[in-house]
Amino acid sequence: MLDARCPGKMASGEQCSAPPRWQSISLTHVEYPTGDLTGQILAYSSLLPMAILVGFVTLIVFKRELHTISFFGGLVINEGLNWVLKHIVQEPRPCGGEHSAVTTEYGMPSSHSQFIWFFIVYFLLFLYLRMHQTNNARCVELLWRHVLSVILLGVALSVSYSRVYLLYHTWRQVVYGGVAGMVVGVVWFFITQEVLTPIFPKIAAWPISEFFLIRDTSLIPNILWFEYTVTRSEARNRQRKLGTKLQ
């Protein structure tokens with residue numbers, strides 16, 4: 001008999017012994033075994049794709065930068081591809097669809113896994129190929145990039161494992177979802193870099209883009225450093241002017 005308290009051990013085989021009761025996180029449909037602390041933590045972990053989407057919408061509203069919009073567009077295309085693949089393959093979820101509150105009965109490939117691995121691969125390519133260091137702190141910059149990469153990979157593994165542990169997917173469905181997400185992430189990154197980036201200046205010059213304050217920062221190698229230095233310089237100038245007026 002498989003241990004009902006460890007659902008992650010069951011999703012890879014044909015036999016299934018689901019927990020007797022499921023509990024959902026408030027305001028969401030993500031369920032975990034009642035009384036299972038590990039399952040509860042992994043349930044929150046599986047909500048990270050939603051947090052990423054909210055973050056993207058926030059960035060687009062306040063930054064209005066074309067590369068961010070393109071990144072978000074790739075996520076939408078990736079989700080559309082996942083929907084198509086699920087309805088082509090039509091492989092059911094484990095345990096005969098133990099969870100009732102799911103958007104589709106099909107589980108191949110895992111949309112959470114495909115989403116998070118698209119995001120991680122695209123972000124890492126952007127981090128190492130798009131952002132270039134502009135000061136002399138080469139070792140420090142490389143260190144924080146490596147640390148961030150390890151953290152992001154841990155996040156992706158956590159989200160992927162949560163889908164198996166909580167009986168939303170089998171290992172096979174999660175692995176195929178991850179591979180699909182990585183492939184789409186690589187392809188979309190190079191489409192953005194080689195096809196879209198050269199026309200971003202033209203798009204930014206459109207009247208509608210100017211009206212909505214949409215901008216192109218493709219020629220700025222390290223946008224974080226640029227925004228930091230420009231903001232700091234402008235704040236100091238305004239502080240000096242304010243001090244002069246008060247005198």
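## Reading a predicted helical chain

Guide: Helix α6 is where you will find isoleucine 191. Helices here are DSSP runs of H or I with at least four residues, strands are E runs of at least two, and both are numbered from the N terminus. One caution before we go on: this is a predicted model, where local features need pLDDT of at least 70 and side-chain atom pairs count only at pLDDT 80 or more, while totals for chains, interfaces and linings use all residues. Residues are numbered from 1 along each chain as its sequence is written, and side-chain values use heavy atoms, with hydrogens and water left out.

Visitor: Is isoleucine 191 buried, partly exposed or exposed, and what is its relative accessible area?

Guide: Buried means under 20% relative accessible area, exposed means over 50%, and partly exposed is in between (1.4 Å probe, protein chains only). Isoleucine 191 has a relative accessible area of 32%, so it is partly exposed.

Visitor: Which residues form the nonpolar patch on the surface?

Guide: A patch takes residues with over 30% relative accessible area and no salt bridge, joining nonpolar side chains (Val, Leu, Ile, Met, Phe, Trp, Tyr) within 5 Å and like charges within 9 Å. In this structure the nonpolar patch consists of Tyr161, Trp171, Val175, Val179, Met182, Val183, Val187, Ile191 and Val195, which together have about 730 Å² of accessible area. Such areas come from the Shrake-Rupley method with a 1.4 Å probe, and for residues only the protein chains shown count as cover. The biggest giver is helix α6 (residues 171-196), with eight residues of the patch.

Visitor: Let me step back to the whole chain. How many helices and strands are there?

Guide: The protein chain has nine helices and two strands, and from the N terminus they run β-β-α-α-α-α-α-α-α-α-α. Of its 247 residues, 40% count as buried. The chain exposes about 14600 Å², of which carbon and sulfur atoms supply 67%.

Visitor: Where is the largest nonpolar core, and which of its residues touch the most other members?

Guide: A nonpolar core is a set of buried Ala, Val, Leu, Ile, Met, Phe, Trp, Tyr and Cys residues joined through side-chain atoms within 4.5 Å. The largest one here has 23 residues, and Ile116, Phe118, Phe119 and Ile120 touch the most other members. Two or more residues come from each of α2, α3 (66-89), α4, α5 and α6, with α4 giving the most, 12 residues. Another core lies apart from it and has eight residues, including Val30, Tyr165, Leu166 and Tyr168.

Visitor: What does phenylalanine 119 touch?

Guide: Contact means heavy atoms within 4.5 Å. Setting aside residues up to four places away in sequence, phenylalanine 119 touches Ile52, Phe56, Phe71 and Leu75.

Visitor: And histidine 67, which residues is it in contact with?

Guide: Histidine 67 belongs to helix α3 and counts as buried, because its relative accessibility is 5%. Beyond its neighbours within four places in sequence, histidine 67 is in contact with Tyr122, Phe126, Arg130, Thr192, Gln193 and Phe200.

Visitor: How far apart are the end C-alpha atoms of helix α5?

Guide: The expected span of a helix is 1.5 Å times one less than its number of residues. For the 28 residues of α5 (residues 138-165) that should be 40 Å, and the end C-alpha atoms are 40 Å apart, so the two agree. Buried residues of α5 include Glu141, Arg145, Leu152 and Tyr165, and among the elements covering the buried residues are α1 (37-45), α2 (48-63), α4 (111-130) and α6. Just after α5, leucine 167 has a positive phi of about 65°.

Visitor: How many salt bridges are there?

Guide: A salt bridge is a side-chain nitrogen of Lys or Arg within 4 Å of a carboxyl oxygen of Asp or Glu. That rule gives a count of four. In one of them, lysine 63 pairs with glutamate 227, with the closest N and O atoms 3.0 Å apart. Lysine 63 is in α2 and glutamate 227 in α9 (residues 223-246), so this pair ties together parts 164 residues apart in sequence. Glutamate 227 also forms a salt bridge with arginine 215, at 3.3 Å between the closest N and O atoms. Elsewhere, arginine 172 forms a salt bridge with glutamate 91, the closest N and O atoms being 2.5 Å apart. That pair links α6 with the loop between α3 and α4, 81 residues apart.
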